[in-house]
2 protein chains.
Amino acid sequence: MKELKLIEYIKRSAGKTPKGLKLGIGDDCAVIDHDGKKYLLWASDMVVEGTHFDLKEASFGAIGRKAIAVNISDIASMGGVPKFVTVSIGVPRTMNISGTKKVFDGIFKICKEYGITVAGGDTVKAERLVIDVSIIGFVRKEKLVTRSGAKEKDLVLVTGPIRDGKKEHLKFIPRVKEAQFLVNKYKINSMMDTSDGIALDMGRICDASRVGCRLFEGSFPLSKGLSFEDALYYGESFELLFTASSREVKKLFTDSSLKREGLKYYIIGEITNRKKGKSIFRDEGKIEPIKMKGFEHI
Amino acid sequence: MKELKLIEYIKRSAGKTPKGLKLGIGDDCAVIDHDGKKYLLWASDMVVEGTHFDLKEASFGAIGRKAIAVNISDIASMGGVPKFVTVSIGVPRTMNISGTKKVFDGIFKICKEYGITVAGGDTVKAERLVIDVSIIGFVRKEKLVTRSGAKEKDLVLVTGPIRDGKKEHLKFIPRVKEAQFLVNKYKINSMMDTSDGIALDMGRICDASRVGCRLFEGSFPLSKGLSFEDALYYGESFELLFTASSREVKKLFTDSSLKREGLKYYIIGEITNRKKGKSIFRDEGKIEPIKMKGFEHI
């Protein structure tokens, strides 16, 4: 995985986090001191023609929507509420202004749904359509959830059923509501969004938290037609992956508002001691190590 | 200018600035309430192979440097000090990991010079090299300078001599020091950086401030070899363009620390009533309207 090596290099080069920056590279968002009560969450995600979408398959509006949605998902996964975006767009010479406007119509539509304001950006010429969105959200300090807080004996959960990234990557719904319900009522130890497949993303939580995990194939909630392999190793499903103590999970599943709010969470495994590694219990009784592979961004 | 029309469309669609956002689209940075004393400044600028650099001409390190420098310039131009960046990079399949690392070496070098921390980002595959940087800086509330504060009878100044964007766009020095000196000691009414040529950028200050201007060719400080036409209509020089009352300008030019600090500012015109339009007094005695054209990003 070139991407993982590169991120390691960048992380090493970035050095220590200075005053004012609570968390830098390594989580879904950077975390910046804001005021006494809140942190500012900040993320940037880029979508590129040919890698994240295909102009034959996707409408301009759907592409704009996706560029925002992947960023909303980053804010959600740390317990935050998205507020502002900047949109940098590289527009091919072959694309006319009405196409570009349609991209922005898609952007403004989802921004409106989530109460987000477009606060700036950049428009430039490019060979292929590329959109980079930078997003700012806020989280109450005590509600911040990172990748590094998973504890031995935690249960591992996902929102879901896990979506088929191949089919739904243009229309997934970022899980802000699900995340807000969790962090406002329960103690969530770790969380991230599954942009690169559950295997790789579970591995990231384990590495950041210095723990191991056991996942159970049988308990994976798969959306119709989605193979277990794709849930594990293909990304772009944008569900939330999180861990909490079994006590908290018990409280969560006996919460009468779950059904009323239409919220679904599923237990797919447990956190173990680091020495036990990262494994999957397959349906046929085999135990397999989780491969650290996933959606290849690079 | 397709870009201008598009920005107008985006600005209109973005609607009103909500609570917490002091300024949205239309300045070099978005301005967000931070704490009692400071605003957070936030900008995103994208550089694309073929538009902003050419792999034959530019080293990977120089490209990384430029991607950061154009963003630092945005923060400087509103009176702020840059602090954090996220870096989203689209890497062509043909570019190996050592090339990508060199881009980041260029990024980290300039970040170190300016006290900036890389706090996050995204790495993806792309057809052509593209880097989008999002930058956060801070400014004391009373020091914030925007495009919209120019007043009739202000003098128009630039840092300089104005650089030749065609030759120096990879190695220009963002004018943080020059801007900090100005905002910390003087009352600057409006400011922006000249990324698109002085004509277009002067026009932006005039439109935002609802004033006109008269520029004087004879007073333009041009770096060696730079034509007046290029200073006006070709961008990428990244000097600061600003206005202040003649009283403040007089104080500035009698400031004994100017020379000691090696700071250079030049008067190139004056702000007039809006009805007088935007004009240039050419050396041969002709008066020309300023054309609203400049560096074509799109």
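This is a predicted model: local features need pLDDT of at least 70, side-chain atom pairs count only at pLDDT 80 or more; totals for chains, interfaces and linings use all residues.
In it, 65 residues of chain B are in contact with 64 residues of chain A.

**Helix 8 of chain A**

- Helix 8 spans residues 246–253 of chain A, and its buried residues are A:Glu248, A:Val249 and A:Leu252.
- Seen down the axis of helix 8, these buried residues fall within an arc of 100°, so they line one face of the helix.
- An α-helix has 3.6 residues a turn, so residues three or four places apart point the same way.

**Extent of the interface between chains A and B**

- The size of an interface is often given as the accessible area lost when the parts come together.
- Between them, chain B and chain A bury about 5200 Å², with 68% of it on carbon and sulfur atoms.
- The residues of chain B that lose the most area to chain A are B:Trp42, B:Met46 and B:Lys125, together 12% of what that side buries.

**Polar and charged pairs across the interface**

- Two salt bridges are counted between chain B and chain A.
- A:Arg128 forms a salt bridge with B:Glu127, and their closest N and O atoms are 3.3 Å apart.
- Across the interface, 16 residue pairs are in polar contact.

**Make-up of the chain B side**

- Two helices of chain B, helix 1 (2–14) and helix 3 (97–113), each give two or more residues to the side that touches chain A.
- Strands of chain B that do so are strand 2 (30–33), strand 3 (38–48), strand 4 (81–92), strand 5 (117–126) and strand 6 (130–140).
- Strand 5 of chain B supplies the largest share of this side, 10 residues.
- By class, the side of chain B that touches chain A has 31 nonpolar, 18 polar and 16 charged residues.

**A:Lys11**

- A:Lys11 is part of helix 1 of chain A, residues 2–14.
- With a relative accessible area of 39%, A:Lys11 is partly exposed.
- Leaving aside neighbours within four places in sequence, A:Lys11 is in contact with A:Ile25 and A:Gly26.
- A:Leu21 is 10 residues from A:Lys11 along the chain, and their C-alpha atoms are separated by 14 Å.

Note on methods. Residues are numbered from 1 along each chain as its sequence is written. Chains are lettered from A and ligands numbered from 1 in the order in which they are written. Side-chain values use heavy atoms; hydrogens and water are left out. Helices (H or I, at least four residues) and strands (E, at least two) are DSSP runs, numbered from the N terminus. Buried means under 20% relative accessible area, exposed over 50%, partly exposed in between (1.4 Å probe, protein chains only). Contact means heavy atoms within 4.5 Å. The arc is that of the directions from the helix axis to the C-beta atoms. Buried area is the accessible area (1.4 Å probe) that two parts lose on being put together, summed over both. A salt bridge is a side-chain nitrogen of Lys or Arg within 4 Å of a carboxyl oxygen of Asp or Glu. A polar contact is a pair of N or O atoms within 3.5 Å; within protein, one must be able to donate a hydrogen and the other to accept it, and residues adjacent in sequence count only if both atoms are side-chain atoms. Ala, Val, Leu, Ile, Met, Phe, Trp, Tyr, Cys and Pro count as nonpolar, Asp, Glu, Lys and Arg as charged, and the others, Gly among them, as polar.
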